[in-house]
Amino acid sequence: MRSFVAWLKRFGNLFNKTRNERDLADEIESNLQFQIEDNLRAGMSSADARRAALLKFGSIDGAKEAVRERRGFPLLEMFARDIAYAIRILRRDRAWTAVAVASLALAIGANTALFSVLNEALLVKLPVPRPDELVALRWAGQNDVAGTLYEYGYIAPDSKIPGKGGATFPHAVFERLRDEVRETADLFGFSNGGTRNVIVRGNGDMASCQLVSGNFYRALGISAELGRLFSPDDDTASADPVIAISHEYWQRRFGSDPSIVGTPVTINGSAFVVAGIVPTGFGDLGLLRASSALYIEGRPPDVWIPLAMEPRIVPQNQSNLGAGTWWLHVMGRVKPQTKIEQLQARLEPVFVNEAKEDWARRLKSLGKEPERSAGTPNLRVVPGSRGVYDAPPSEPAALTTLGSVFGILLMIVCVNLANLMLSRAAKRQREIAVRASIGASRKRLLAQLLTESVVLSAAGGAAGFLVAYWGRASYPVWLGYKPGLQPIDMNWTVIGFAAAITTLTGIIFGIVPAMRVSRVDSATAMRDSAGQINPSRSRLGRVLVVAQIALSLVLVSGAGLFLRTLTNLQRVDLGFNPNNILLFSIDTGVYQGNRQKRSELYDETMRRVTKIPGVRSIAFSNLPILSGSSGSESFSIEGSSEIRSATSVTVDERFFQTMEIPVRLGRAFTAEDDRGSVPVVIINESFAKEFFPNTNPIGKRLKQGGPLIEIIGVVGDIKHSSLRAPAPPTFYFPATQSPITVRIFEARTTVDPMTILPVIWDTVHQIDSKIPLVAVSTQMETIAGRLREERMFALSSSLFGVLALTISMIGLFGLMSYAVAQRTKEIGIRMSLGAQRRDILRSVLSEAMILVAVGIVFGIMVAQASTRWIADRLYGLTPHDPLTMILAAVLTIILAALAAYLPAPPRLARGSARRAAIRMKLQFLCASSDDEHWRDFRHVAPSDAGLADFRLR
Amino acid sequence: MKQKADVWQGTLALMVLKTLDTMGPLHGYGIARRIEQTSGDALILNYGTLYPSLLKLEQEGYIESEWGVSDNNRKAKYYKLTRAGRKQLEREATEWNRTTEILARFLSSAKASR
């Protein structure tokens, strides 16, 4: 209790320091007087009395300091004083502080930003209760039992099972698996339902749909915000058709009107009733991230529909519920005590068996015999807390690449700041020496210097946090997502990270210079007012500059590699002419079931758009080229039973001419290739090379379950789904023989395609006001979309390269101006010995350029070792590309020469001004003929001849 | 020359309290003189030790200080014992006596057994 009261009093003392100090001084003085009086009484003279009293008293300052220590909290006060002093010092040198804080802010901001993105991308789980109980099903290995296969995302290859992998299953397989493990896991299925025309209360618009099994919400643990969500009873063909809508769609389209529950809606011509609202925050399960021009990206689905209702929203006979179509994602929630391995062991045999049977049913429906040899893939059960798909390898790789770039930048900034601190500390050598000589311990000096760097990094950290906060809207763009996806939260983890990185930076760049400077020999430091070159200090400075240049070179050469990759990809031969092509489609979902009407609408649109001035020709296909979506089909060659597969595209007879794809052999489609004539197909060169090596494929025939299909032509390869990959073997079917439900139009224009767009819009509206124009983009835009990530890399790495170079050059500039300033005297001596400005400049620059050369050698070594990591991201060049390396080195050398040269001339002027004064000194030195001095001058003399000349005099 | 002992920190507080108890209110110089005299000039008192000790006792509430005027009209800071200080003195004195007694007995018995 007493000690607590004492503590309180001490705390109180923090606030009336002046009074306490005066009080103490008065008390000491009065006590001294008592002693003096006693001494006088003892018969001393007044001078002696005072002297004796002071002697008796001992150190007054020592006594005061002892009292002070007892009075308040000396450590705390000292810290506060250090901070105040640090702020004063930093404010005195504003330009210096601004450079330091700005570079810190950029580096810390970039790293904080990156951390929040990483946090988002790598740590976030599905927004459902207990996501760790979720599992996802996928398959791996040769799959010969899939008739039609849909994939919407990326699956990492399985290390043990060769062949491709997938995450979609036939409906019958899903139901069989679900029933098999009913007691241990709740397996649910879902699939993309596409974008559908939804008419509510007479108004129609487009909504993205997801098809889900009846236990979907139960298994995920989601309950309705309003109304009710599906139960397994809703997922039967005979149930009353219901849908659920997302909170966002409810808000956007219906203004959160609660009466929407129970309202009838029409989707693609079929009647449904809104059963309930799905709460916000629940997105899709990794489905819609897959980019496709035809999907609404980055948003949860608007509408959920029970799987059993699928036939009602797709065209007749196009249902995926039948055998042989792999289209359904399967996930499940497992009971807590169930292990994934057990589940897999249980499901695997059932899966293999059912997949084979499903394929047999498919073949049977086509009137064919089941095959015995068909390869069935293996089933894999994987953790599902992060959804169905793996992050594409590009994504974590993108993050690590970005992360190392940011890390290097932070290192450069630290090194640069250490250098800046060092050069400034050298200027303060005298101040520090004075403080040391009046009794500051090394520990105190160290604490003071470290406080300065921590204050500096705190300022940088605060500014950096603001940079990160304001820039957060742009992170998804850096990652190559479409902008406006979702702003990334700045949560406490992020803030904690920023704080940690800041403190760490402060200590790292503060500690080396502080150790160095605080080890002063006060006598030496005070003796020489001009400040000598401290050899060890400048050695450290040099090492730091070399390190900076090396690290910058790594970043600059990385930027060079990415830039050249981007230009290589932009120049890549696509195999067709992408300029002035407008891609668009119309949504005819409102005429669901009326194939005749829809076909007429497409034909009419095509006929009218062709007539628009500026449109040279128009064609259509089932998929847009280079949009990211593609389909494949299996076939076998006549005379062989081997089942093969190739990318398939359905096009009309004007497609090749419109896209300017050359016909190499045979002919293109004509209007005569219709239902009444022989089925025909056109293949690309890769197809010909792969399946008909060294033979003429024209006239050869393919089997696909129906009548034999004759190859009538070979066209040039085009980049189909990726700009990097060579064209896959592709066959083109004529739309006249294999009807398609959705047509993507390609209009070749003679002017900027976007100027034609409003006219097309009007035209379509005139044809039928109920059909909207959808999925509009230019071919160039879809290609740019493919290059989004590359562009992001080129942009950000260039940005960081420039930043790193700038910071390093500031560092070099600082070192050189400091070094030249230190050498002013020496330069004066040399000039008085007859050295020309040119000679001096050469010597100063050569010193700098040696550092630069060493830095570049190290940089190239590091770059060679580290660029291997980015080899996958490059195109058309190796990571050791000599040209890029040379260009990066040359750029660095030029800038470094500039940074090293700039501080020299003004100093030279000052050097020559001192020439006269130094002559005098020199004469004295010559007279003393001290060997040691002569040795020093031998270094600085322009030539031995000059020196000899001088000696003779 | 006779060697003078420095006062240890722990005992100084006790000496100060005892001095103030016997002498009544006293200034720092007086306390120091009195302690030195009582010790028969065997102790020298360092002001760098005395002042913090006074401050500590004051913070703990055992003594109070007040500016006053001395006999020869000099302004001085006077310290005086509080009631808590008197109790503390009794406690400390008893404690000290017991300790020295035990130590004395211990030392003499150690001598005897030798």
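Helices are DSSP runs of at least four residues and strands are runs of at least two, numbered from the N terminus. The exercises below concern a predicted model.

**Exercise 1.** Determine where Phe15(A) is placed in chain A, and whether Phe15(A) is buried or exposed.

*Solution.* 
Step 1. Phe15(A) belongs to the loop that separates helix H1 (2-13) from helix H2 (17-41) of chain A.
Step 2. A residue counts as exposed when its relative accessible area is over 50%.
Step 3. The relative accessible area of Phe15(A) is 63%, so Phe15(A) is exposed.
Step 4. Phe15(A) also takes part in a nonpolar surface patch, together with Phe4(A), Val5(A), Trp7(A), Leu8(A) and Phe11(A). The accessible area of this patch is about 600 Å².

**Exercise 2.** State which element holds Thr778(A) and which residues Thr778(A) touches, leaving aside those up to four places away in sequence.

*Solution.* 
Step 1. Strand E25 of chain A, residues 773-778, holds Thr778(A).
Step 2. Buried means under 20% relative accessible area. Thr778(A) has 9% and therefore counts as buried.
Step 3. With sequence neighbours up to four places away left out, Thr778(A) touches Ile581(A), Leu582(A), Leu583(A), Pro753(A) and Met754(A).

**Exercise 3.** Classify the ring pair of Phe216(A) and Tyr217(A), then the pair of Tyr217(A) and Phe230(A).

*Solution.* 
Step 1. Two values are required, because a pair of aromatic rings is described by the distance of the centres and the angle of the planes.
Step 2. The whole structure contains 27 aromatic pairs over all chains. For Phe216(A) and Tyr217(A), the ring centres are 5.1 Å apart and the planes meet at 85 degrees, so this pair is edge-to-face.
Step 3. Tyr217(A) and Phe230(A) also form an edge-to-face pair, with 5.5 Å from centre to centre and 70 degrees between the planes.
Step 4. Tyr217(A) lies in helix H8 (residues 216-220), while Phe230(A) lies in the loop between strand E7 (226-227) and strand E8 (242-246); the pair therefore ties together parts of chain A that are 13 residues apart in sequence.
Step 5. Tyr217(A) is buried at a relative accessible area of 2%, and Phe230(A) is buried at 5%.
Step 6. Ring pairs join these residues into a cluster made up of Phe188(A), Phe190(A), Phe216(A), Tyr217(A), Phe230(A) and Trp304(A).

**Exercise 4.** Identify which ring lies under Arg743(A) and which ring lies under the charged end of Lys75(B).

*Solution.* 
Step 1. Arg743(A) lies over the face of Phe620(A), 4.4 Å from the ring centre.
Step 2. In chain B, the charged end of Lys75(B) is placed over the ring of Trp67(B), at 4.7 Å from its centre.

**Exercise 5.** Summarise chain A: how many helices and strands does it have, and what percentage of its residues counts as buried?

*Solution.* 
Step 1. Chain A has 31 helices and 25 strands.
Step 2. Of its 953 residues, 50% count as buried.

Key. Residues are numbered from 1 along each chain as its sequence is written. Chains are lettered from A and ligands numbered from 1 in the order in which they are written. This is a predicted model: local features need pLDDT of at least 70, side-chain atom pairs count only at pLDDT 80 or more; totals for chains, interfaces and linings use all residues. Side-chain values use heavy atoms; hydrogens and water are left out. Buried means under 20% relative accessible area, exposed over 50%, partly exposed in between (1.4 Å probe, protein chains only). Contact means heavy atoms within 4.5 Å. Patches are made of residues with over 30% relative accessible area and no salt bridge: like charges are joined within 9 Å, nonpolar side chains (Val, Leu, Ile, Met, Phe, Trp, Tyr) within 5 Å. Accessible areas come from the Shrake-Rupley method with a 1.4 Å probe; for residues, only the protein chains shown count as cover. A salt bridge is a side-chain nitrogen of Lys or Arg within 4 Å of a carboxyl oxygen of Asp or Glu. Rings of Phe, Tyr and Trp (its six-membered ring) pair if their centres lie within 6.5 Å; planes under 30 degrees apart count as stacked, over 60 as edge-to-face and the rest as tilted. A charge sits over a ring if NZ of Lys or CZ of Arg is within 6 Å of the ring centre and within 35 degrees of the ring normal.
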